[in-house]
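Thanks for coming, everyone. Please bring up the model on your screens, and we'll walk through it together.

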Amino acid sequence: MKITARVITDAAVAEEVLGTDSRSGTAEGLEVRIVDLATEGLESLLPLVHQRPMFADALLILVKGASGLVKADVAILERAISESESGNRLVFYFSSRSVPKPLLELGAELVETVLTKDADRREYVKASMQRAGVALDVAGLRRVVEVLGDDLGGAASLAEVLALAYPESTVIGSDEVEPYLGTPGDIPLWRLTDEIGQGRVKGAVAAVERMMVNGRAPQQLMAVLERWTLDVCTLNSPGLRTVEQAKAALANAGVRGTPDFAIKKELEVSRKLGYSDCSRMVGWLASAARELRGDSVAEPGATIDLLVARLAQLCHR
């Protein structure tokens, strides 16, 4: 049994790597299973260690929350792996370098994602962009790395925004990428939709107000909110259960190549909502758009604040 122990201290980076590992396993013809020990417990993992898939050569078992393993769990897991003849593959995701010695003694390959060197950081951001079909020139890549700083987990979300904003053949330079980056005192655009999707009303309003204080135009924010809301509503169907199904639905609606990790987040939000919720969201968007065109005496900032609060409140469930 092949075992890999991945050490990734950044939670957002860990999620992106897990998504990449999942897609790679599917491309190899493996049956991918994801287990989160933090919520499902060891009992959900042990049967998979021995299970033989019916329609694949092996299972690829991606184990989140491995840093929560206690000594007794490790002993049970060690015995199960030693006795297994399934030929399955196991990938454990650790948030610290404290990898249990018994796993390493079983032959686990230790892979650390430590991005301290500038060259490593550039390569990580570049790879994140390429997976989303986004091409940055040298200056654009340098600017993205500079602004992201230690928050490299934001590379995936930024790639999502750029993939929607520019045609696939576009090589994006520093001038083109700048409007989508946070500046000192500012925060990136994708943070806003993350706050809304999680139903955090105060956080979402605080984020949008901070953006406007730092020079974001209400019309620019409106465009981001429209795209995100319409995508979520497009995915609001009980028949859409997987990322692949959601991807097909977005493609039918004319949405170009949204990355899988972005589709997964939008699909999670859409599952909170009903048809009437989506109707209300679209109605709020239309009303806000009219107000921004001058159909109201309300200040543009107040219009955006109200729209953001309404969207976040609806997702708070």
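Some ground rules. This is a predicted model, where local features need pLDDT of at least 70, side-chain atom pairs count only at pLDDT 80 or more, and totals for chains, interfaces and linings use all residues. Residues are numbered from 1 along each chain as its sequence is written, and side-chain values use heavy atoms, with hydrogens and water left out.

Let's start with empty space. Rolling a probe the size of a water molecule over the atoms shows where empty space is left. Here the search runs on a 1 Å grid over the protein atoms alone, with a 1.4 Å probe. A pocket is an open set of points with protein on both sides within 12 Å along at least five of seven lines, and lining residues have an atom within 4 Å of a point. Points are joined across faces, edges and corners, and the volume is the space filled by probe spheres set on them.

The largest pocket holds about 1,300 Å³. It is lined by 41 residues, and Asp260, Phe261, Lys264, Lys265 and Glu268 are the closest to its centre. Which helix gives the most to this lining? Helix 14, with nine residues. Helices here are DSSP runs of H or I, at least four residues, and strands are runs of E, at least two, numbered from the N terminus. Other elements supplying at least two residues each include helix 1 (11–27) and strand 2 (31–36). By type, the lining has twelve nonpolar, ten polar and 19 charged residues. Nonpolar means Ala, Val, Leu, Ile, Met, Phe, Trp, Tyr, Cys and Pro; charged means Asp, Glu, Lys and Arg; the others, Gly among them, are polar.

Stay with helix 14. Eight of its eleven residues, 260–270, are buried, so the helix is largely enclosed by the rest of the structure. Buried means under 20% relative accessible area, exposed over 50%, and partly exposed in between, using a 1.4 Å probe and protein chains only. Asp260 and Phe261 are among the buried ones.

Next, the second largest pocket, at about 270 Å³. Of its 14 lining residues, Val161, Leu164, Ala223, Val224 and Arg227 come closest to the centre. Helix 12 (218–234) gives the largest share, five residues.

Now ring pairs. Rings of Phe, Tyr and Trp (its six-membered ring) pair if their centres lie within 6.5 Å; planes under 30 degrees apart are stacked, over 60 edge-to-face, and the rest tilted. How many aromatic pairs does that rule give? Two. Phe92 and Phe94 make a tilted one, 6.4 Å centre to centre with 35° between the planes. Phe92 is buried at 0%, and Phe94 is buried at 2%. Tyr166 and Tyr180 make an edge-to-face pair, 6.0 Å centre to centre and 70° between the planes. Tyr166 sits in the loop between helix 8 and strand 7, Tyr180 in the loop between helix 9 and helix 10, so the pair ties together parts 14 residues apart in sequence.

Last, two single residues. Ser128, in helix 6, is buried at 0% relative accessibility. Leaving aside neighbours within four places in sequence, Ser128 contacts Glu16, Ala155 and Ala159, where contact means heavy atoms within 4.5 Å. Asn252, in helix 13, is exposed at 72%.
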